[in-house]
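Please look over the sequence and the model below.

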Amino acid sequence: MRIFFIKRWLWLVVAVLCPFLVIGQSADSVAPAPAQASFPYVHQLRIGFDISRIAFNLMYPSRIAYEIQADYALKGKSYLALETGLGRGKVDYENLKYNSNGYFLRLGIDQSLLDRLHINDFDMAFIGVRYGMGIGSRNEAHYFVPSPFGKGSSGTVPGQNFMVHWGELTAGIRVEVWQGLFAGWNLRAKFLLNSGVFKELAPNYIPGYGKGDKSTVFDFNFYISYALRWQHKP
């Protein structure tokens, strides 16, 4: 474990969980900040699996999903990000029954808020943006409308194939807990761009997004990742 590990965790907590924290000091009492050390560029490809989906699958069996992610370190503090996965939804109420399934792709970029403290320091606290696209289908839905004056009525809603698009704002951390092994989380705010695609019945779950009848949703991921690194050759 590196010497600066505890210090870096404190930085991550302050940088991510307390973004509006202000430490008041007079300008003439603040010493000039030391120049940041410059370290050589190292290629890093990090691949991870969202283990929080496993917990969600157990807690909410009507929504099953699996997600993986990858990011690639650019020069500076930016990272290209790619996330994908699949899932299915199931509604099995007394008065409504249907299934849905699909898959998704998210593309975006993350910007780290931390400077490297050491040549082998790849921890990050970041903010980022994503574009998401989900493709899937909802099967024919069967419904029953009870009535206090008679038998009630039943019917079906035709199935529908769909393609949805959304934008995301995200923030999170990645901490290297061992050589190349990272743990970290993302918080996400998602904004559906074409909610009008569902004319009659929106699916209860769209993989990668969430509830199809919501124009804004919030989500959480916890990733275990492994990084592959190789030196830059001028």
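Which residues of helix 2 (residues 52-59) are buried? Ser52, Arg53 and Asn57 are buried in helix 2, where buried means under 20% relative accessible area, exposed over 50% and partly exposed in between, with a 1.4 Å probe and protein chains only. They lie on the same side of helix 2 because they cover an arc of only 140° around the axis, the arc being that of the directions from the helix axis to the C-beta atoms. On the face turned away from the buried side, helix 2 carries the exposed residues Leu58 and Met59. The cover over the buried residues of helix 2 includes strand 1 (42-50), strand 2 (63-73) and strand 10 (216-231).

This is a predicted model, in which local features need pLDDT of at least 70, side-chain atom pairs count only at pLDDT 80 or more, and totals for chains, interfaces and linings use all residues. Residues are numbered from 1 along each chain as its sequence is written, and side-chain values use heavy atoms, with hydrogens and water left out.

The chain has two helices and 10 strands; helices (H or I, at least four residues) and strands (E, at least two) are DSSP runs, numbered from the N terminus. Along the sequence the pattern is α-β-α-β-β-β-β-β-β-β-β-β. Of the 234 residues of the chain, 40% count as buried. Among contacts (heavy atoms within 4.5 Å) with a separation of 6 or more, 67% are between residues 24 or more positions apart.

Strand 8 (residues 160-178) contains Gln160. With a relative accessible area of 18%, Gln160 is buried. Apart from neighbours within four places in sequence, Gln160 is in contact with Gly136, Ser137, Arg138, Val197, Phe198, Lys199 and Leu201. Of these, Arg138 is 22 residues away in sequence, with a C-alpha to C-alpha distance of 5.2 Å. The side chain of Gln160 also reaches the backbone oxygen of Val197 at 2.8 Å.

Trp166 lies in strand 8 and Tyr209 in the loop between strand 9 (181-192) and strand 10, so the pair ties together parts 43 residues apart in sequence. Trp166 and Tyr209 are both buried.

Rings also meet charges here. The charged end of Arg63 sits over the ring of Tyr60, 4.9 Å from its centre; the criterion is NZ of Lys or CZ of Arg within 6 Å of the ring centre and within 35 degrees of the ring normal. Likewise, the charged end of Arg116 sits over the ring of Phe122, 4.9 Å from its centre.

Definitions and conventions: Polar contact = N/O pair within 3.5 Å; in protein donor to acceptor, adjacent residues only side chain to side chain.
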